Amino acid sequence: MGVLLTDSVRPPAEAGQTAGPSLAYYQAFWTDGVTFSIFLSTVWISVLVTVACVVLGYPVALFMRRAGPRMRIVLLALVVSPLLTSVIVRNVAWLLVLGHEGLINTTLRALGIIDQPLPLLYNTFGVVVGVTHVYLSFVVLPLFASLLAIDPSLEENAASLGASPWRVFAHVTLPLSLPGLVAGVTLVFILSMGIYLTPVIMGGSFVTTLAMTITDLVRNQYDWARAAAFSVMLLAFIGAVLVLSYAATRQLTKARGKEAAL
């Protein structure tokens, strides 16, 4: 971190060797007309991945909680399996599924549902699918642990008092599972802010993330100072997200403490 901070304030070459520390690269992050847009695009992709993981992961975690031991092991293996495969292999598999001549487009055209292949690759959708596939487990596992900690008698008592299954879920299960949900959302969002290889493969040249920009600055342009400044900005943003997540967790803990005291 010290090296990053030191390099990030190195003066631009045009300022001369005798110039003092400079914040020019931090200023460029906001004003060069490109980097901030790429940062916003990265945030947007991270939000989409996080929402997709929650929408897909919550039902899976609920099902795992209610399933028997054998089914739990099977589901756990399915959820964790993307983490056990190479990122290259995983993304190539998605190319075969989502490509113009891939499994989905070929099947839909054979069924007469579409005439032209759907644009499922080399755009934000393809990147979100590829990243969601591997990060789903980071939502499912904390949620599953949080759901397992809920005393089933609380839901049974609510149901016995006439609450519908939806009301039991909305007023008992969901609030009590929020700590696990917050942990999962935080993990997925932060990890998504640093995605590099999946956007390169699934997004082609049509999707650019901040991690790709930083890598290009280091590997192709040898602009270490600018890359260091952009990395510090990314880390600062992630730090702010962690602070918000910590504050949300504290509020949830306090709220549960007050409810338990009543």
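The questions below take helix packing, cores and backbone angles in turn.

Guide: This is a predicted model, where local features need pLDDT of at least 70, side-chain atom pairs count only at pLDDT 80 or more, and totals for chains, interfaces and linings use all residues. Residues are numbered from 1 along each chain as its sequence is written, and side-chain values use heavy atoms, with hydrogens and water left out.

Visitor: Why is α9 called roughly antiparallel to α10?

Guide: The axes of α9 (residues 152–160) and α10 (residues 165–193) cross at roughly 165° and come within 10 Å. Angles over 145 degrees count as roughly antiparallel, under 35 as roughly parallel, 65 to 115 as roughly perpendicular and the rest as oblique. So α9 is roughly antiparallel to α10.

Visitor: What makes the contact between them?

Guide: Contact means heavy atoms within 4.5 Å. From α9 come Leu-154, Glu-155, Ala-158 and Ala-159; from α10, Val-168, Val-172, Thr-173 and Leu-176. By class, that is 6 nonpolar, 1 polar and 1 charged.

Visitor: What makes a set of residues a nonpolar core?

Guide: The members are buried Ala, Val, Leu, Ile, Met, Phe, Trp, Tyr and Cys residues, joined through side-chain atoms within 4.5 Å. Buried means under 20% relative accessible area, exposed over 50%, and partly exposed in between (1.4 Å probe, protein chains only). The largest core here has 36 residues; Ile-45, Cys-53 and Tyr-58 are among those that touch the most other members. α3 gives the most to this core, with 7 residues. A second, separate core of 20 residues includes Tyr-25 and Leu-217.

Visitor: Why is Tyr-122 called partly exposed?

Guide: Tyr-122 has a relative accessible area of 41%, so it is partly exposed. Tyr-122 lies in the loop between α6 (103–110) and α7. Its phi is positive, about 60°, although Tyr-122 is not a glycine. Most residues other than glycine have a negative phi.

Visitor: And Tyr-222: buried or exposed?

Guide: The relative accessible area of Tyr-222 is 61%, so Tyr-222 is exposed. Tyr-222 sits in the loop between α12 (210–219) and α13 (224–261), and has a positive phi of about 55°.

How values were computed
Axes are lines fitted to C-alpha atoms, for helices over the stretch in contact, and angles run from 0 to 180 degrees between N-to-C directions. Helices (H or I, at least four residues) and strands (E, at least two) are DSSP runs, numbered from the N terminus. Ala, Val, Leu, Ile, Met, Phe, Trp, Tyr, Cys and Pro count as nonpolar, Asp, Glu, Lys and Arg as charged, and the others, Gly among them, as polar.
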